[in-house]
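Trainee: I would like to learn how to read the features of a structure I have not seen before. Could we go through it together, one feature at a time?

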Amino acid sequence: MSEQVEKDRVTISKRDRMNVSWRTTFVQANWNYERMHNVGFAYVLAPIIRKLYKSKEDRSDALQRHLEFVNTHPYLHAPIFGVVMALEEEKANGAEIDDMAIQGVKIGMMGPLAGVGDPIFWGTLRPVIGAFAASLALTGSFLGPLLFFLLWNLVRIAFMWYTQELGYRSGSEITKELGGGILQKLTTGASILGMFVMGVLVPRWTEMNFPVVISEIQNDADTIVDFEGLTEMANNNVVTVEKLQEVATDIMGGANLTNTTVQTLGDILDSLLPGLMPLILTVAAMYLMKNKNVSPITLILGIFVLGIVMYALGIMA
């Protein structure tokens with residue numbers, strides 16, 4: 001009986017996985033504001049789903065569960081595809097894996113991987129390769145742009161293939177240990193890591209400036225850096241080293257640079273907690289999407305209108 005089950009088992013071949021790795025290049029081809037990479041994600045997995053599931057209903061259900069929201073760094077989709085392929089393979093062969101388990105793995109992995117991919121590829125690797133290629137191009141060598149194209153794509157293709165294979169092998173092991181709760185532990189751990197990554201990225205990528213003046217204090221003359229004396233000496237061409245040292249010492253000591261000290265609403269908020277307002281905005285957006293079923297497009301338009309109104313009232317800049 002076990003031999004018959006093994007004979008009837010549907011498996012994903014290396015050629016199938018190579019096809020997935022190639023199609024991952026186009027995962028952003030149908031990017032949209034509401035569900036980001038969902039159409040591309042389903043497109044990449046379409047040949048696998050066609051092979052694993054025989055009935056039209058099963059194929060339709062499989063494609064439908066991969067049309068939910070998904071978004072991460074385009075190259076870091078590769079390990080997610082690997083894990084998802086392994087889960088779909090086991091599900092197609094009778095394993096007790098529900099749709100929420102597959103979706104949970106995707107959600108748990110995409111957040112942390114997005115935070116890793118941006119600084120590695122966009123922030124480090126691409127500038128380094130670009131600088132090397134530009135140095136060649138500045139000498140008049142045609143190898144500059146050619147090397148950039150070849151090196152970048154060599155790294156990209158190799159990374160996506162090997163991380164996809166790593167995800168596929170890891171996903172196969174995960175499905176064998178579903179009874180021990182390893183899948184739940186993986187999802188929980190990835191979600192916690194995602195929260196840390198989001199906490200770092202929110203103040204970095206979201207900037208809110210509140211220029212409303214709360215107070216304006218006249219500074220004592222003794223606490224102001226003597227720029228006028230320095231300017232007068234410069235006009236008379238008699239600037240001394242001692243005077244420059246005095247000005248530098250005053251600045252480093254925290255002396256006032258202007259006649260008045262202005263404190264804005266933004267200064268007060270930053271003194272309470274740097275990045276407080278971007279954090280509040282992010283939490284509010286998450287609350288509206290999760291608990292009030294507000295669509296991402298409606299939320300984007302709402303934030304856009306709110307920004308215009310706040311700018312017109314002079315509250316934000």
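Trainee: Let me begin with a pair of residues: are F121 and W152 buried or exposed?

Mentor: Please keep in mind that this is a predicted model. Both F121 and W152 are buried.

Trainee: How many aromatic pairs does the count come to, and how is such a pair described?

Mentor: The general idea is that two aromatic rings are described by the distance of their centres and the angle of their planes. In this structure the count comes to 9 aromatic pairs. For F121 and W152 the ring centres are 6.2 Å apart and the planes stand at 85°, so this pair is edge-to-face. Because F121 lies in helix α6 (residues 99–138) and W152 in helix α7 (residues 143–176), the pair ties together parts that are 31 residues apart in sequence.

Trainee: Which residues do ring pairs link into a cluster?

Mentor: The cluster linked by ring pairs consists of Y75, F121, W122, W152 and F159. Rings can also be looked at together with charges: R126 lies over the face of W152, at 5.3 Å from the ring centre, and the charged end of K106 sits over the ring of F41, 4.3 Å from the centre of that ring.

Trainee: How should I read salt bridges, and how many does a search of the whole structure find?

Mentor: A salt bridge is read from the distance between a side-chain nitrogen of Lys or Arg and a carboxyl oxygen of Asp or Glu, and the search of the whole structure finds 6 of them. One is formed by the side chains of R9 and E90, at 2.7 Å from N to O. This pair links distant parts of the chain, with R9 in the loop between α1 (2–8) and α2, and E90 in helix α5, 81 residues apart. R9 is partly exposed, having a relative accessible area of 28%, whereas E90 is buried at 17%.

Trainee: Which residue forms a salt bridge with D16?

Mentor: The partner of D16 is K51, and the closest N and O atoms of the two are 2.5 Å apart. Here too distant parts of the chain are linked, for D16 is in helix α2 and K51 in helix α3, 35 residues apart. D16 counts as buried at 19% relative accessibility, while K51, at 30%, counts as partly exposed.

Trainee: Where do R65 and D99 lie?

Mentor: R65 lies in helix α4 (residues 56–65) and D99 in helix α6, so their pairing ties together parts that are 34 residues apart in sequence. Their side chains meet in a salt bridge of 3.1 Å, N to O. R65 counts as buried, with 8% relative accessibility, and D99 is partly exposed, with a relative accessible area of 34%. Salt bridges that share partners join R65, E88, K91 and D99 into one network.

Trainee: What does A92 touch, not counting residues up to four places away in sequence?

Mentor: A92, which is found in helix α5 (residues 77–92), touches L52 and Y53 under that condition. At 26% relative accessibility, A92 counts as partly exposed. A92 and A62, taken C-alpha to C-alpha, are 9.9 Å apart in space and 30 residues apart in sequence.

Trainee: To finish with the whole protein, how many helices and strands are there?

Mentor: The secondary structure comes to 13 helices and 2 strands, and buried residues make up 33% of the 317 residues. Of the contacts with a separation of 6 or more, 74% are between residues 24 or more positions apart. The accessible surface comes to about 19,700 Å², of which 63% belongs to carbon and sulfur atoms.

Methods: Residues numbered from 1 in each chain as written. Predicted model: local features only at pLDDT ≥ 70, side-chain atom pairs only at ≥ 80, totals over all residues. Heavy atoms only, no water. Helix = DSSP H or I, 4+ residues; strand = E, 2+ residues; numbered from the N terminus. Buried < 20%, exposed > 50% of the residue type's maximum accessible area, 1.4 Å probe, protein only. Contact = heavy atoms within 4.5 Å. Phe/Tyr/Trp six-rings, centres within 6.5 Å; stacked < 30°, edge-to-face > 60°. Lys NZ or Arg CZ within 6 Å of the ring centre and 35° of its normal. Areas by Shrake-Rupley, 256 points an atom, 1.4 Å probe, with all protein chains shown as cover. Salt bridge = Lys/Arg side-chain N within 4 Å of Asp/Glu carboxyl O.
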